[in-house]
Amino acid sequence: MFIGSGVFAGRCTFAALTGMVFLAATANAAVVISSAQTANMSCLGGVCAPTATDAVLNAGDLETLLASGSVEVTTTGSGGVQAGNIEVRAPLSWSSAASLVLDAYDSIVIGKPVSVKKQGGLSLVTNDGGSTGTLSFGAKGHASFANLSSSLTINRGPYTLVNSVAALADAIAGNPSGSFALAADYDAAGDGTYSTSPIPMLLNGTVEGLGNAISNLTITANADSAQIGLFSGVGTDGIVSDLGLIAAKVDVSGKDDAVGGLVGSNSGGLIGDFMQGTVSGSELGTRGAYTGGLVGNSSGEIRNSHANATVHGKEQAYVGGLIGAQSGGEIVDSYATGNVSGLGTCAGGLAGYAGTISGSFATGKITAKSPARGGLAGCGAGGTISNSYATGLVRSRNGDGAMDGGLIGNDLYGGHGGGAIITSYSAGSVPAADGSIEGGFAGAVQNSGAATNDYWDLTASGTSQGVGEGSSSGITGLTSKRFRSGLPSGFDPAIWAEKRDINNGLPYLLANPPAK
């Protein structure tokens, strides 16, 4: 084994070495695959392991190894060395039949493209010793396969690769509980316009998008009591993760439908998914109409997902930038940036009707004509909103008698199920209108004591009234200058931060920062 001390200039080529140890300058106890010089790594017998908790493996060096055989990159080294994550920060590709194994004690973060160009394989293992690790893909990260016969395993489970919407629908129809992965980005423009959900069967298996996106999906449906989206429904055992929709158009003209860009109705898990496009939902009949940028109605978990969708709710719909109505489950570390309009019972930047939300935000304008409108949620009951915020305008309309709030329109928390709103804020404009009830933070609060360490921006909102109707206990107004001069009292610096060039200087979430 070659051992280097001090700063090594890389005079020996990687292919000439059976192993190596270099000093590294990276952080966060990770093995980083990047364009930087290999450092603190030992590569021997097809296994690359760290010799210190911070290590770098040059992407070109790894590609050289893959040209001649399979390689395992692990975070566990000899002598008790244990890094946590594997992070891919440089493009990586190979054309041999070799397989790459990324085996992390905690998480794998793929921030740049990983391309299997022929019939090679890829195996991703998280939590190999840890317990809170995840597989995630950055905005520029995805994994792609040129050959559908290639091998993909995630946490040692095999996945079937598909390369189109039709192929995914056929695969799920044949095995609704199976595990499938989108092999590459797919342009659905050639599919034409769908008249119902392209994947109409209930998913109770797993679909892993690998950070890939389906673009130009168009659905124009006229149905009553239907679930409309790319997926009609995700069952309690179903998971859709790391899958994106770009330039999607969904327009439903029926009644009592659950309409979302990605999923009509979700009872399982949506993790790391994203949607960009337009969604126009159905009207209320005798049951309920739910329209959301990502999902119409959800009783399952939505985590690390976002939507940049223009969402239009038709008559008396629950309408939201991310989700129409949350009938259970949680929304965690997610956000919505699109505008919400139309007619609705409850309209919100993130959720029309909300339950439990944490670490999330919304920035879109709310101009829907609804009895309750909020920058984050139109109405809420039975759960808790924590460490969340909204910055979008909430537009009142003269004479409509609505409850409008910078964060929430009609806050039923505490009155229905004992929930609360804690350590959250709003910083959007809430212009007054005759006949409406406006508050910088909430239009109406139905229960005293349901708010703790909550704030609204006096300057941006245009009102000194935090709550239009009901209790304002636990809700404090701050000027824009004060908001930008440091975290408000009660905001945990392990969760929140402030920087002048991020989020317009307002507090932002460390685990869910605004997109650059």
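1. Nine strands make up an open sheet with parallel pairing, in the order S24-S28-S32-S35-S39-S43-S47-S51-S54. Strands are DSSP runs (E, at least two residues) numbered from the N terminus, and two of them pair if DSSP finds at least two bridges between them. Strands S24 (231-234) and S54 (467-470) stand at the edges with a single partner strand each, so one side of each has no neighbour in the sheet.

2. This is a predicted model, in which local features need pLDDT of at least 70 and side-chain atom pairs count only at pLDDT 80 or more, while totals for chains, interfaces and linings use all residues. Residues are numbered from 1 along each chain as its sequence is written, and side-chain values use heavy atoms, leaving out hydrogens and water.

3. Strand S51 (residues 442-445) runs parallel to S54 and is joined to S54 by three bridges. Val445 stands opposite Gly470 in S54.

4. In helix H1 (residues 59-66; a DSSP run of H or I, at least four residues), the buried residues (under 20% relative accessible area, 1.4 Å probe, protein chains only) are Ala59, Asp61, Leu62 and Leu66. They cover an arc of only 160° around the axis (taken from the directions from the helix axis to the C-beta atoms), which puts them on the same side of H1.

5. The structure holds two disulfides (cysteine sulfur atoms within 2.5 Å). One joins Cys43 to Cys48; the torsion about its S-S bond is about 115°, so this disulfide is right-handed. Cys346 and Cys379 form a disulfide with a torsion of about -85°, so that one is left-handed.

Key. Buried < 20%, exposed > 50% of the residue type's maximum accessible area, 1.4 Å probe, protein only.
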